[in-house]
Amino acid sequence: MDYLMFQLEKEAKMPLYEQLYTEIKEAIINGTIEEGAKLPAKRKLADYLAVSQTTIEFAYSQLVAEGFISSEARKGFFVQNLEELALIKQESYVNVQEEKKEVDYLIDFSPGKIDTDSFPFTVWRKLAKDIISETNKDFLLLGDPQGDYALRQQIASYLYQSRGVKCTPEQIILGSGTEQIMPLIIRLLGKDAIYGVENPGYPLTHHLLVDDQQKSVPISVDAEGVIVSELEKTNATAMYVTPSHQFPTGAVLSASRRSQLLSWAYQKEYRYIIEDDYDSEFRYTGKPIPSLQGIDQNQRVIYLSTFSKSLMPSLRIAYAVLPKPLILQYKQKYSYYAATVPRMDQHLLATFMETGSFAKHLNKMRKIYKRKLEIITKTIMQYEPLVTISGEQAGMHLLLTIQSDKTEEELVLQAKKAGIRVYGVQEYMTGKLAVFTEPKLLLGFGGIKTEELISSITALIKALEITKTP
Ligand SMILES: Cc1ncc(COP(=O)(O)O)c(C=O)c1O
């Protein structure tokens, strides 16, 4: 073994034995010292490094204790076959995460945040306490692979009342997030499926399709939502859409585009629409727009939604309503997979819905988000027409269109320098920017406290160097 690989700094704060321990450990992890290799004898290494034998002893015993090396009587110390690889991977994962977090923003207009101050902790805690009880021993065992019937029943009736979705609990599958359900749908639709995806669009869908090596075609979006005439010119067999509140532009798919999209699906067998209705609970103006699933006559809409916006993103509960032919396929192919949502959480949520707490929470949150929206609109109005708002009819994000000689990237950077995170629409594009010309910034407002909204928006406007209109 090359002794040169061990370099100790006598002036460093870290004790010498710890330096040696860390160096050897890292060399084992990255493979510089291979499995089975014999470590230098303690005395020889102590002489070489000009340290006491106790230093070497301390380092070696720590490595033995953690299982990196083993001690064999009268033979020496040998690098172990690392069963602890999981531990090693976890460590490097932590490093990656830490590196990725580039800046600590003072204000974060992330579209993924919710108003955490308004969560009904008391009710949730009580329900959790009731659920975690000896009377529910059954919840310790695996439940229905599609998710427990009690929750699917609640979801089916909620969807019918609030979104006009027509389904039975048997058609619903639960998963821990839209991101866990989409791969199942992709597998159900088969390798030959070609996906139309909104452009700009939800990046996760794009990533999932790329990761699954699935073909996709970007379809542009304008003020009326996805441009269906563009889709008609492609060979796509399934279209992923966010019709109630397009992500990220906030456009609502117009009535004529809705029927055009359904007609597109009906023209060929096996064409499907994947309707992601992720934030439709929060609609502030105009009549509620029925889901595509509710007006579909031919079982061609796969309806997806989540509790990430309506309750909390960390709950990780989303669901899909599969058309009847697909649910049969799903049962044949995938019933051997266990549900990915913990049963205690499923029952907690089912009770939360059944007792009316969910409806109450939604009403409360709708008012809070509407109030936030009003504050933003009023603040921004002072800067019109240099800044205009769109996509504010629903959800917890909107779009700002900025008249500026700067590019979108430059504006995002200016905001970043002022400690403000905003998201340029270009970040959500696949390929070239086709429809938009002016810079557009996505502003998620769910996570900003009501009392901090005016100052946050004003700080953003200042960072973008926009002056008040006289
Ligand atoms: C378009 C869209 N779909 C779905 C979701 C939710 O995904 P998940 O259920 O994985 O949290 C989001 C974000 O919250 C979204 O923006």
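Me: Which helix gives the largest share of the lining of the second largest pocket?
Reply: This is a predicted model: local features need pLDDT of at least 70, side-chain atom pairs count only at pLDDT 80 or more, and totals for chains, interfaces and linings use all residues. Residues are numbered from 1 along each chain as its sequence is written, and side-chain values use heavy atoms, leaving out hydrogens and water. Helices are DSSP runs (H or I, at least four residues; strands are E, at least two), numbered from the N terminus. Four residues, the largest share of this lining, come from helix 14.

Me: How much space lies in the second largest pocket?
Reply: A pocket is an open set of points on a 1 Å grid over the protein atoms alone, with protein on both sides within 12 Å along at least five of seven lines; a cavity is a set where a 1.4 Å probe fits but cannot get out. Points join across faces, edges and corners, and a volume is the space filled by probe spheres set on them. For this pocket that space is about 280 Å³.

Me: Which residues are closest to the centre of the second largest pocket?
Reply: Lining residues have an atom within 4 Å of a point. This pocket has 16 of them, and the closest to its centre are S162, S280, E281, P288 and R366.

Me: Which elements give two or more residues to that lining?
Reply: One lies at 149–163 and the other at 357–381. They are helix 6 and helix 14.

Me: How does the lining of the largest pocket divide by class?
Reply: The largest pocket holds about 550 Å³ of space. Its lining has 20 residues, with P111, G112, Y202, F247 and K309 closest to the centre. Ala, Val, Leu, Ile, Met, Phe, Trp, Tyr, Cys and Pro count as nonpolar, Asp, Glu, Lys and Arg as charged, and the others, Gly among them, as polar. The lining then divides into ten nonpolar, six polar and four charged.

Me: Which domains each give at least three residues to the lining of the largest pocket?
Reply: Domain bounds come from an automatic or database domain assignment. Helix 7 (178–189) and helix 8 (203–211) each supply at least two lining residues. By domain, at least three come from each of domain 2 (107–115 + 365–463) and domain 3 (118–359).

Me: Where does the largest cavity lie?
Reply: Its volume is about 50 Å³. The lining includes I114, D115, F282 and K309. Both domains give residues to this lining, so the cavity lies between domain 2 and domain 3.

Me: How many charged residues are in the lining of the second largest cavity?
Reply: This cavity has about 30 Å³ of space. Among its lining residues are E198, G225, V226 and Q246. Six residues of the lining are nonpolar and three polar, while the charged count is one.

Me: How much of the ligand's accessible area does the protein cover?
Reply: Around the ligand are 14 residues (each with a heavy atom within 4 Å), the closest being T178, D276, T306, S308 and R316. The side chain of D276 has an N or O atom 2.6 Å from a ligand nitrogen, and a polar side-chain atom of T306 lies 2.7 Å from a ligand oxygen. Accessible areas come from the Shrake-Rupley method with a 1.4 Å probe; for residues, only the protein chains shown count as cover. Of the 400 Å² that the ligand has on its own, the protein covers 92%.

Terms used
A polar contact is a pair of N or O atoms within 3.5 Å; within protein, one must be able to donate a hydrogen and the other to accept it, and residues adjacent in sequence count only if both atoms are side-chain atoms.
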